[in-house]
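Here's a quick briefing to read with the model open beside you. Start with one residue and its contacts, then zoom out to the rest of the chain.

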Amino acid sequence: MKASSKKLRKMLQEWRKRKNGQFVVYSKDNKRFVVPLCYLNHPIFRVLLEMAEEEYGLPIHGPLRVPCEKELVEYILGVFAKVDSIALHNFKEENNAKILSTVLSSYV
């Protein structure tokens, strides 16, 4: 496992400890999103965080920024909002890969 992946995992564990159950993410164009912590368990959101790490590095001080326009972040969060939280944890890996490639291919 890469050292940066260990740092990302540690950051995710710290976010999960917060009591309010949410964290903030900024899009490439500075749109602020408040995201429920349960979304961190979803493979699509993890890929988004890995993309952010590759693009910007891990934030030491300051906000977490993802390398997507606000429309893509809104779309991803909208999809998650439509899915029951229990079903969100039970997505199959194959479906995650298909959804992610479809979503990202239309924006990248």
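In this predicted model, S4 touches E53 and L58, once you set aside its neighbours within four places in sequence. S4 itself sits in helix α1, which covers residues 3–17.

**Around S4**
- S4 has a relative accessibility of 25%, so it counts as partly exposed, because that label covers values between the 20% limit for buried and the 50% limit for exposed.
- G57 comes 53 residues away from S4 along the chain, yet their C-alpha atoms are 8.6 Å apart.
- E53, one of the contact partners of S4, is among the buried residues of helix α2.

**Helix α2 and what follows**
- Helix α2 takes in residues 43–56, 14 residues in total.
- From first C-alpha to last, α2 reaches 20 Å, close to the 20 Å you'd expect at 1.5 Å a residue.
- Along with E53, the buried residues in α2 are I44, F45, L48, L49 and A52.
- Just after α2 comes G57, with a positive phi of about 80 degrees.

**The whole chain**
- The protein chain has five helices and three strands, and from the N terminus they run α-β-β-α-β-α-α-α.
- Of the 108 residues in the chain, 31% are buried.
- Take the contacts between residues at least 6 apart in sequence: 62% of them join residues at least 24 apart.

Note on methods
Residues are numbered from 1 along each chain as its sequence is written. This is a predicted model: local features need pLDDT of at least 70, side-chain atom pairs count only at pLDDT 80 or more; totals for chains, interfaces and linings use all residues. Side-chain values use heavy atoms; hydrogens and water are left out. Helices (H or I, at least four residues) and strands (E, at least two) are DSSP runs, numbered from the N terminus. Buried means under 20% relative accessible area, exposed over 50%, partly exposed in between (1.4 Å probe, protein chains only). Contact means heavy atoms within 4.5 Å. The expected span of a helix is 1.5 Å times one less than its number of residues.
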